[in-house]
Amino acid sequence: MYTHQAAPWYSPLNNQRWREHHGSGLLCCLRAWKNEFTNVSRHFAGECLVYNVFSEGKSLRDDDVLQNLPVGTTATIYFKDLGPQVGWTMVFLAEYLGPLFIYLLFYFRAPYIYSHQDVFTSSPYSVVTLACACHTCHYIKRLIEAIFVHRFSHGTMPLRTIVRNCVYYWAFSAWLAFYINHPLYTPPSYGDMQVNYALAIFVLCELGNFSIHVALNNLKAEGGPKCRRFPHPTKNPFTWLFFFVSCPNYTYEVGAWASFSVMTQCLPVALFTFLAFIQMTIWAKGKHKTYSREFKDYPHLRMPIIPLLL
């Protein structure tokens, strides 16, 4: 039985506000319980809430069965109001279309960016055009993946999260585009050889990243939402990196930006790559830890993001 009391509760660890709701009746899964709760408490939007049987820690998934929760015959279910939410379509448009168009403004040297005599002029160096093509294709690929490939466990994203992400993506895109497309930009030290090798690695990493995302999507589609399996290499050679790392999509992503840094020989791009590597390493370690904990037969050779090292 699940008892209830409509009283606010504050976490002593992070001082974030939680509320508790106790409902009677044992339902099959959290999704059904959430639907009943939001129907009764209509002033709360279902997508704005996360639930837990403890006042802290990881929230419950919609397919978690209430009977299997680590509680006795009576339990308190806590929920947290995440605040205003934004649908994923708007998230994709804001995060990915922003950098796409911002970079093009600098590439075409729109007014008020550089000096007046440089308005709508073009760079004499082919690497600048290649960099624009690579950057544009990268974010078009992200849009295609976000709309047609990725599967998300939540239908919305908190508004504060999308604002933070947009500031990060938009600001860095403007910063690196400013220097790469600047009239005083000089090509890489080793000329075409440096550009061509870096371009080849960039293309391979982009193809690898896309292949991993498709493989992860197929894994979820084949197993269904309740099937828990860890990914394996497929016939696609780009997925063979699964033999060595848990998150090859992050490995390829870092490789793409590292090669873009070498191709443009631009410090802001290198800094963006370094920060992205730190963040993706944190995500990869978390995913690797989850795989190792949930699956006893998980390959010991795999590392989180860098084969044999990290």
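Q: Is Ala 215 buried or exposed, and what is its relative accessible area?
A: Let's start with one residue of this predicted model. Ala 215 sits in helix α5. Buried means under 20% relative accessible area. Ala 215 falls under that cut-off, so this residue counts as buried, with a relative accessible area of 18%.

Q: How far apart are the C-alpha atoms of Ala 215 and Phe 238?
A: Along the chain, Ala 215 and Phe 238 are 23 residues apart.

Q: Which elements give two or more residues to the largest nonpolar core?
A: The largest nonpolar core has 43 residues. Those with the most contacts inside this core are Tyr 103, Ile 162, Ile 180, Phe 260, Met 263 and Val 269. The elements that supply two or more residues to the core are α2 (88–107), α3 (126–149), α4 (159–180), α5 (191–223), α6 (248–264) and α7 (267–294).

Q: Which residues does Ile 180 touch, leaving out those up to four places away in sequence?
A: Ile 180 is one of the residues with the most contacts inside the largest nonpolar core. Leaving out residues up to four places away in sequence, Ile 180 touches Tyr 103, Val 128, Ala 131, Tyr 185, Phe 260, Thr 264, Cys 266 and Val 269.

Q: Is His 135 buried or exposed, and what is its relative accessibility?
A: His 135 belongs to helix α3. Residues up to four places away in sequence aside, His 135 touches Pro 99, Tyr 103, Ser 173, Leu 176, Trp 257 and Phe 260. Buried means under 20% relative accessible area. His 135 therefore counts as buried, and its relative accessibility is 2%.

Q: How are α6 and α7 oriented to each other?
A: Just after α6, Gln 265 takes a positive phi of about 50°. Helices α6 and α7 pack with their axes 9 Å apart, at an angle of about 170°. Angles over 145 degrees count as roughly antiparallel. So the two helices, α6 and α7, are roughly antiparallel.

Q: Which residues in α7 meet α6?
A: On the α6 side, the residues taking part are Tyr 250, Glu 253, Val 254, Trp 257, Ala 258, Phe 260, Ser 261 and Thr 264. Their partners in α7 are Val 269, Ala 270, Phe 272, Thr 273, Phe 277, Met 280, Trp 283 and Ala 284.

Q: What covers the buried residues of α7?
A: Helix α7 has 28 residues and reaches 41 Å from its first C-alpha to its last, close to the 40 Å expected. Its buried residues include Pro 268, Val 269, Phe 272 and Thr 273. What covers the buried residues of α7 includes α4 and α6.

Q: Where does UniProt place the feature "transmembrane region", and what is the helix content of residues 258–283?
A: The unreviewed UniProt entry places this feature at residues 86–108, 167–185, 197–216, 237–252 and 258–283. In the model, the end C-alpha atoms of residues 258–283 lie 18 Å apart. The helix content of residues 258–283 is 92%.

Note on methods:
Residues are numbered from 1 along each chain as its sequence is written. This is a predicted model: local features need pLDDT of at least 70, side-chain atom pairs count only at pLDDT 80 or more; totals for chains, interfaces and linings use all residues. Side-chain values use heavy atoms; hydrogens and water are left out. A nonpolar core is a set of buried Ala, Val, Leu, Ile, Met, Phe, Trp, Tyr and Cys residues joined through side-chain atoms within 4.5 Å. Buried means under 20% relative accessible area, exposed over 50%, partly exposed in between (1.4 Å probe, protein chains only). Helices (H or I, at least four residues) and strands (E, at least two) are DSSP runs, numbered from the N terminus. Contact means heavy atoms within 4.5 Å. UniProt positions are given in the numbering used here, feature names are shortened, and annotations may be inferred rather than shown by experiment. Axes are lines fitted to C-alpha atoms, for helices over the stretch in contact, and angles run from 0 to 180 degrees between N-to-C directions. Angles under 35 degrees count as roughly parallel, over 145 as roughly antiparallel, 65 to 115 as roughly perpendicular and the rest as oblique. The expected span of a helix is 1.5 Å times one less than its number of residues.
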